[in-house]
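Work through each exercise, then compare your steps with the solution.

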Amino acid sequence: MVLILKNNPEVKKVDELLEKITEMGLKTQVVGGASHTIIGLIGDTSHLIPEDFLHYDIVDTVQRISESYKAANRKMHPDDTIIDIGGRKIGGGTFTVIAGPCSVESEEQMKEVAADVKASGASLLRGGAFKPRTSPYAFQGLHGEGIRLLLEAKKVTGLPIVTEIMDINTLDLFADVDVIQVGARNMQNFELLKALGHSDKPIFLKRGLANTMDELLMSAEYIMSGGNNNIVLCERGIRTFETKTRNTLDISAVPILKKLTHLPVFIDPSHAAGISWMVEPISKAAIAIGADGLMIEVHNNPKKALCDGAQSLNPEQFDTLMKDIKRRVEFEGKTLA
Ligand code: PEP
Ligand code: MN
């Protein structure tokens, strides 16, 4: 339920109202929008009568939020959420490119790729240290050493880093990581989501292979209900009967999610397609349809990559693509972060 307040409400009266709501056993989220202040009620509001709140003279209208996701709902927070990562913005008219290898493989590789993607204009560096692989015999990542190499690359380039967590017991290793990624396979690992709700790190939450948009929003809600509101959603392709691509990019997820939630929405063209030549056309589509950013896999030597080489761009391909991305982002009236 949201209470939309009249213009310029008295602070004392707002405080009284917030206290009353807290006494009802509910949490509140106050959002000061461009035109109105909104109080969001979080918790079980099913027994409440919306009209009762109209007795408070600062309340203009009361709206029930019928969707199960409340904190993530755009009705609760009409303006886009803007996330600040070391001075770099995500959301709200900024377009952000996260780039780097699928997995961190060596110091040399990370140094090279980080310098290259930075020179081309990426604003965050990615690299997996813990890799969710289909085969237990495939490269599983360098774990703590991988995070160390990412931090080294950050020191040299200044790029904030994004890396995936698979097990909450490793959270301590992420202390200096800028953005924690929750991969498609863990989108509904609810214990992990709950724990990340108590973290102060922005979370990059990828849609599961066979999950609906409502389920993705409920996963964001798990994190937000713990108090962490800095979440980026990412559509990375879903499982369908089609075999020409690794996954089927659900491009309609962008306008739908942008309508339903205030959280930024990214596209990952690399995992969607699984083939490097498709990264460019999908990236263009993502910009045109209103995505807030892209996550792109770039490897200094894709043929030798230990993971996802077929879908990785080499630095030259990425550089060419970034020039095009910049033009298109500006054409859309946005700024490249
Ligand atoms: C990744 O980003 O490398 C990854 C494993 O992605 P996803 O969870 O989308 O498969
Ligand atoms: Mn990958």
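**Exercise 1.** Find out whether lysine 75 is buried, partly exposed or exposed, and find its salt-bridge partner.

*Solution.* Step 1: lysine 75 has a relative accessible area of 30%. Step 2: buried means under 20% relative accessible area, exposed over 50%, and partly exposed in between (1.4 Å probe, protein chains only), so lysine 75 is partly exposed. Step 3: a salt bridge is a side-chain nitrogen of Lys or Arg within 4 Å of a carboxyl oxygen of Asp or Glu. The partner is glutamate 67, with the closest N and O atoms 3.1 Å apart. Glutamate 67 is partly exposed too, at 22%.

This is a predicted model, where local features need pLDDT of at least 70 and side-chain atom pairs count only at pLDDT 80 or more, while totals for chains, interfaces and linings use all residues. Residues are numbered from 1 along each chain as its sequence is written, and side-chain values use heavy atoms, leaving out hydrogens and water.

**Exercise 2.** Describe the salt bridge between arginine 126 and glutamate 297.

*Solution.* Step 1: their closest N and O atoms are 3.4 Å apart. Step 2: this pair links distant parts of the chain, 171 residues apart, with arginine 126 in strand S8 (residues 124-126) and glutamate 297 in strand S14 (residues 293-297); strands (E, at least two residues) are DSSP runs, numbered from the N terminus, as are helices (H or I, at least four). Step 3: arginine 126 is buried at 3%, and glutamate 297 is buried at 1%.

**Exercise 3.** How many salt bridges are there by this rule?

*Solution.* The count is 24. Among the linked residues, Glu280, Lys284, Asp324, Arg327 and Arg328 form a network.

Conventions. Chains are lettered from A and ligands numbered from 1 in the order in which they are written.
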